[in-house]
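Please find below a short note for a colleague who is opening this entry for the first time. The points are numbered so that each may be checked separately against the view.

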Amino acid sequence: MSQALQDLLDLLDLEQIEETIFRGRSRPAIVPRVFGGQVAAQALVAAGRTVPEDRLAHSLHAYFLRTGDPGAPIVYTVEPMNDGRSFTTRRVVAVQHGKPIFALSASFQRHEDGFDHQAPMPAAPDPATLPTSQDRLRGYDHLDPAVVERFLEAREAIDLRYVDEPPYGKYGEPRDPHSQVWFRTNGKLADDPLLHVVLATYVSDMTLLDSVLLAHGRGGWATGDVVGASLDHAMWFHRPFRADEWLLYDQESPSAAAGRGLGQARIYTQDGRLAISVIQEGVVRAPRQH
């Protein structure tokens, strides 16, 4: 396991203060605030630690309420909403400086057999044939070297490979609002199913709004031609998967309007099983002209 991955696992390993109260720490993101995927992942950890071991996460719905302060701890309070025979539901509120910054509802289910069908996996090249983030980012002379290093540091625990040029690699002209990314952790993980769901949740916030940027020829946060933030995030976990094995993140944007952009995606295992569905809306605006 890489040291970066171990550091990430330590970041997601919350301190339990009371039976349903947890505390997490933060670290700076690419932009000077707490990375949304970190808060979502930590909140899911908090929820998961209050449910029986035979209940697996099957969905989450979350709202980003305020910008997180990376220099302050985050307190997560878990509220039991339902403990049924098949499903368990938890609500989590993340608080900093006395104010909520994030709210999550998560549902867990005991394993059941049932009807089974899925959308087919789209075509995508083998991830082994694609450049690593390090190779791709360090090949862009138009990017500020300091921005490149922040990107690489933020993604050091994850092997993330774009199928095509990311928004910040080629911009200025609109492109098809569709993006594909392969990802896996940089090292093996334990067999705990919650851990793999938490890591996928963490990564899911990294690139989902890329397709919005592509539709408008914007480079995004790396180039400074866009400002924005995640508003809400939803995930459904359909089938077992491992976050330390290659997953294809197939993303598209059906709409952008009123200063908001919508991204939707499906995550497939390398052998073609649909593992996760994801939807996120975010603020996506052109910078104000002074």
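1. A salt bridge is taken here as a side-chain nitrogen of Lys or Arg within 4 Å of a carboxyl oxygen of Asp or Glu. The model is a predicted one, in which local features need pLDDT of at least 70 and side-chain atom pairs count only at pLDDT 80 or more, whereas totals for chains, interfaces and linings use all residues. Residues are numbered from 1 along each chain as its sequence is written, and side-chain values use heavy atoms, with hydrogens and water left out.

2. Across the whole structure, the search finds 13 salt bridges. One of them joins arginine 273 to aspartate 271, with the closest N and O atoms 3.3 Å apart. Elsewhere, salt bridges with shared partners join Asp191, Arg242 and Asp244 into one network.

3. Arginine 91 and glutamate 79 also form a salt bridge, their closest N and O atoms lying 4.0 Å apart. This pair links distant parts of the chain, 12 residues apart, since arginine 91 belongs to strand β5 (residues 87-96) and glutamate 79 to strand β4 (residues 74-83). Strands are DSSP runs of E with at least two residues, helices are runs of H or I with at least four, and both are numbered from the N terminus. Arginine 91 is partly exposed at 34%, and glutamate 79 is partly exposed at 39%.

4. Leucine 231 sits in strand β9 (residues 227-237) and, with 28% relative accessibility, is partly exposed. Its contacts (heavy atoms within 4.5 Å), leaving aside neighbours within four places in sequence, are Ala62, Tyr63, Phe64, Arg260, Glu281, Gly282 and Val283. Between leucine 231 and alanine 62 there are 169 residues of sequence separation, yet the C-alpha to C-alpha distance is 8.6 Å.

5. Finally, aspartate 10 is placed in helix α1 (residues 3-12), and its relative accessibility of 37% makes it partly exposed.

Notes: Buried means under 20% relative accessible area, exposed over 50%, partly exposed in between (1.4 Å probe, protein chains only).
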